[in-house]
Amino acid sequence: MSAARAPKSEEMPLYELLITLDGAHVQIDRRVLVPGQATLADLHVVIQLAMGWQDCHLHAFTDRNGTTYGDSTMSELDFAEQSKFRVSEVLAEPGDEIEYEYDFGDSWHHRVELVQIRPDEGQGIRGLACIGGHGMCPPEDCGGIWSYAELCDSLADPRHRDHEEMVEWMGGIDEQPFDPSLFDPSAFDLEAANTAVRTLLGQSRPDS
């Protein structure tokens, strides 16, 4: 993460962020800690890992002023370059929000809210973590928030007209038999999400 490249002498307060998937029929959110020095490019990776997405589609951030941030090499999309803006620049005080959209086809909209700013206690980049959450991440390419609700309904009801088709489709994701009785949209594994987020620490350079 580029956030780790700040001088050791520079304070790096941790920003507690609540990431909420809008419109879901069950509560789906993640609570994460990221250094305020982190860029929006860093935050994109954190969201992907904490939520459980696979980072195989386009994404963009939009602030309250309508500025859109993303990968500016895609010139046709007219994005401000996300790697040039820090979390602390777009989320200044508790209650501030920025929108994160993932997959412009399925259009997964997330609200990213600054909950609180924690003072620097020597953790710096090492404080990066997922500290809470609810709900499983929807499967990639399932059609968006409303299609996901329909998918959950069909998997929960063996008499549903699409039940067998959706069971087969879910099995194709991991290429192994899928048991719909074990499918729980409200499930969340905090340990797994935190482990995924903290893998970024191995990519950091805290002393540079």
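## The E6–E7 hairpin

Strands E6 and E7 form a hairpin with five residues between them, and Asp103 in the turn has a positive phi of about 70 degrees. This is a predicted model, in which local features need pLDDT of at least 70, side-chain atom pairs count only at pLDDT 80 or more, and totals for chains, interfaces and linings use all residues. Residues are numbered from 1 along each chain as its sequence is written, and side-chain values use heavy atoms, with hydrogens and water left out. Helices (H or I, at least four residues) and strands (E, at least two) are DSSP runs, numbered from the N terminus.

E6 covers residues 97–102 and E7 covers residues 108–118. The two strands pair in the antiparallel sense over six bridges; strands pair if DSSP finds at least two bridges between them. Glu99 has Arg111 of E7 as its bridge partner, and Glu101 has His109 of E7.

## The sheet

E7 also pairs with strand E1 (residues 14–21), in the antiparallel sense and over eight bridges. Here Thr20 has Arg111 of E7 as its bridge partner.

The open sheet is formed by eight strands in the order E5-E4-E3-E6-E7-E1-E2-E8, with mixed pairing. Strands E5 (80–81) and E8 (129–134) stand at the edges, each with a single partner strand, so one side of each has no neighbour in the sheet. In a regular strand, side chains alternate between the two faces of the sheet.

## Helix H1 and His44

His44 is found in helix H1, residues 40–51. Is His44 buried or exposed? His44 is buried, with a relative accessible area of 5%. Buried means under 20% relative accessible area, exposed over 50%, and partly exposed in between (1.4 Å probe, protein chains only). Not counting residues up to four places away in sequence, His44 touches Asp55, His59, Phe61 and Tyr100; a contact means heavy atoms within 4.5 Å.

## H1 against H5

Two packed helices are described by the angle between their axes and the distance between the axes. For H1 and helix H5 (residues 190–198), the axes come within 8 Å and cross at roughly 155 degrees. Axes are lines fitted to C-alpha atoms, for helices over the stretch in contact, and angles run from 0 to 180 degrees between N-to-C directions. H1 and H5 are therefore roughly antiparallel to each other (under 35 degrees counts as roughly parallel, over 145 as roughly antiparallel, 65 to 115 as roughly perpendicular and the rest as oblique).

Val46, Leu49 and Ala50 of H1 make the contact with Ala193, Ala196 and Val197 of H5. These residues divide into six nonpolar, no polar and no charged. Ala, Val, Leu, Ile, Met, Phe, Trp, Tyr, Cys and Pro count as nonpolar, Asp, Glu, Lys and Arg as charged, and the others, Gly among them, as polar.

## Helix H4

The axes of helix H3 (residues 145–156) and helix H4 come within 8 Å and cross at roughly 110 degrees. That makes H3 roughly perpendicular to H4. On the H3 side, the contact is made by Leu151, Ser154 and Leu155; on the H4 side, by His163, Met166, Val167, Trp169 and Met170. By class, this contact has six nonpolar, two polar and no charged residues.

Ile173 lies in H4, residues 163–174. At 43% relative accessibility, Ile173 counts as partly exposed.
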